[in-house]
Amino acid sequence: MRGGLGRTFLTALLVLTILPLALIGWYAVQQNRLNLQREVENKLQAVAILKAQELRLWLEDRETLLFSPENFYSATGRVPQRPSWELLQQRDAGLRGATLLDENGYIVWTVGTCPDGAVASDLEGVPDMTVALSLPRKEGNLLLCYRLSALEQTMRADVSLGGTTQIYMVQNDTIWSRGAAERAMPWGASGYKGDQVERHVFYVSHTGIPVMGAYYPLPDLDLGILVEQEQSEVLASSDRIAATLIAVILAVVLVTTAIASMVIRRITRPVIWLTESALEMAEGNLDQHIMVTSKDEIGILTYVFNKMAAELKSLYDDLEAKVVKRTRMLQQVNYQIQRRALHLEASLEVSRAITSVRDPAMLLNRVAELIAGHFLYASVAVYLLEPGGGQARLHAVSPAKADWPAEIHAGDGSLLERSLRKAEPQIQSEPILQGAWYQRTLSRVVIPLKMEKRVLGALGVLSAEREGVQEDELKVLVHLANQVSIALENAQAYERERMAAQKLEEAEVFKDRFLSNMSHELREPLNSIIGFSRLMLKGLDGPLSEQQIQDLHRVYSNSQHLLGLINDLLAISQLRAGLMELRLSAVDLREIMIGVMPTASALIRGKDIELIQEIEEDLPLVWADPDRLRQIMVHLLNNAAKFTEQGQIVIRAWTDDELLYVSVSDTGLGVPLKDRDRIFVGFDKGTGERSSQGAGLGLALSREFVELHGGQFWLESMVGKGSTFTFSLPLHAPMTHSESTAAEVDSVVA
């Protein structure tokens, strides 16, 4: 058979035939062998017991025959007398001698040729050996010496177990047989005591032949009976059965092989023809035809194959090149059409979301799902800028487990940060798989969400398509980003309108809270000034004593506090009225930071706080208002000292190519997420443990001052571990409207 299918069928069939037969045969042989062994063991043991009892009865008969009381005792009947040797020989011709031993083992009398005190005669090489048998009596121990031939004749009588069966007497680890006394039994006969009466094993006999034996001891006679039969005779029938079974199995296998070969050949021959013809067609030879020899399934398959080969040949001759070309063109056109349809569908869905979804969070999640699903992108994320413009936070992502950073900070150099800072789309592509059909390009695209010139956030896309993000696809994404911006602005406007009524209601509460806080903060220092001044005018403290000096210090401290509050109120009023103007000049930030260090040291006096400066060497000059920068630093240090009891406060300053950065970090209470927006609102002091201190204007003023300089202000904080307030200033800030007006006035005056 040429094909491997036939060999597989035949092998499987033979294995399924031979293996069960072999297992059944092996089991049958083993069971027959075990049954045969048990049967022979039982027979040998029965013979050993029978011969032992016959020997015992024979010795008792000999004792009764030879030593009757009238011949054995004296006239008094008490002392055993020496019997007549002639009389004993007349009664038993096989007797060689007899000896009587007393309880202490001394010879009382002896007759015949039995050795004195010997258990067995050492008569090796003698044709007929003498065996001494011990019989216990009340007078002592009687030894009877007999010819071995006489005993063996008794032992071999009526034995019909087989031609190799042998029966021996065993005495003191000695096997007695005609012609020699052999030692080294496979067990110790002398070890049998009491009711231990039988044992049988497989072993090699004293003649060097493998045998099966059974042993029965006679402890009172100090000997035993051993019955042996050769293993070859015992297992002969089992071997014949095994040989017969093997022959039967081989015959069945041969017959099965012949029949299976014929059947499998009939089945596999058409399959082989089909396989060979299919291989020929695969190599390009389509002129194939197979003869149909049956009407079964294989015949039907052969007919269909012939028909298919004929049709393929007729089509292949003139249409192969056209089919390949048109298929390729059709695939490309279909792909482009599908992509265009997905783009249009996504644009339509986003447009529907603009008009139907009013909630900003729901809108962004819906937009991310639509773009990821219709464009078949790996993931889509939407970021929105936080107040201050220095930080963007992830607000929507699809799928939910996609790996996008939760926050983006100004100056981190990421693709998202560059797109937000430059307000332009950013693309980054790299091949991840190289090959003809499995080539893939990993593309990261970030498109800013803009309303006119104001950046609201960014739309991030991760694509793993074959050719990456193309130019027409990028245009669609930009269009979608504009739609998302409009939708987001509309949703936020709707939200603002919805909350406007609530804000109007809260306005009165805010005003009352503002007036209450400011009245409390202004009234307390003024009362202190008036009270202590009145004490000094009345002269109640007398000359300038230590107490008067302390009072004066309190007056000065409260006056400074009041002055600071008034300045903050004036500043916030000017900012909200649009009247604040910066006095810009070239400022060395290092000098300002060194100048506020004494104030910082005074703020942390009495606390376990370490003040650390990490200022980059060779800081460039920045175009800014030095008074406002100093005011920002004081507010940040005051805030850090207020909420930190122990640890450290770190002031850092560094630059990159475009911006100068300043941060103040502390190890204080931290700001909860719910309060991060509130702390930058004037007169809102958060919900911290010491939030009642101050008017809540420091951080609000600091952020307003930074944004007036064209910079950004943001917060990073973990509750219980501390906060870091960071702001950035442009190294070359663009001229504001107020600056340009002042410059024009200066030129006119000049």
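This is a predicted model: local features need pLDDT of at least 70, side-chain atom pairs count only at pLDDT 80 or more; totals for chains, interfaces and linings use all residues.
At 45% relative accessibility, Glu645 counts as partly exposed. Residues are numbered from 1 along each chain as its sequence is written, and side-chain values use heavy atoms, with hydrogens and water left out.

The side chain of Glu645 forms a salt bridge with that of Lys607 (4.0 Å, N to O). Lys607 sits in the loop between helix 13 (597-603) and strand 18, and Glu645 in the loop between helix 14 (626-642) and strand 20, so the pair links parts 38 residues apart in sequence. Lys607 is also partly exposed, at 26% relative accessible area.

## Other salt bridges

A salt bridge here needs a side-chain nitrogen of Lys or Arg within 4 Å of a carboxyl oxygen of Asp or Glu. By this rule there are 13 salt bridges. One of them joins the side chains of Arg421 and Glu658 (3.0 Å, N to O). Arg421 belongs to helix 9 (residues 415-422) and Glu658 to the loop between strand 20 (646-655) and strand 21 (659-666), so this pair ties together parts 237 residues apart in sequence. Arg421 is partly exposed at 37%, and Glu658 is partly exposed at 44%.

Arg652 and Glu614 meet through their side chains in another salt bridge (2.8 Å, N to O). Arg652 is in strand 20 and Glu614 in strand 18, so parts 38 residues apart in sequence are tied together. Arg652 is partly exposed at 28%, and Glu614 is partly exposed at 40%.

Helices (H or I, at least four residues) and strands (E, at least two) are DSSP runs, numbered from the N terminus. Two strands pair if DSSP finds at least two bridges between them. Five strands make an open sheet of mixed pairing, in the order 18-20-21-23-22.

Strand 22 pairs antiparallel with strand 23 (residues 722-730) over seven bridges. Within strand 23, Phe725 stands opposite Leu715. Helix 15 (residues 698-708) lies across strand 22 and strand 23, at about 140 degrees to strand 22. Axes are lines fitted to C-alpha atoms, for helices over the stretch in contact (heavy atoms within 4.5 Å), and angles run from 0 to 180 degrees between N-to-C directions.

## Strand 16 and its neighbours

Eight of the 10 residues of strand 16 (residues 454-463) are buried, so this strand is largely enclosed by the rest of the structure. Strand 11 (residues 379-385) pairs with strand 16 in the antiparallel sense over six bridges. Leu384 stands opposite Gly457 of strand 16.

Strand 15 (residues 440-451) runs antiparallel to strand 16 and is joined to it by nine bridges. Pro448 has Ala458 of strand 16 as its bridge partner. Strands 15 and 16 form a hairpin with two residues between them, and Glu452 in the turn has a positive phi of about 60 degrees.

Terms used
Buried means under 20% relative accessible area, exposed over 50%, partly exposed in between (1.4 Å probe, protein chains only).
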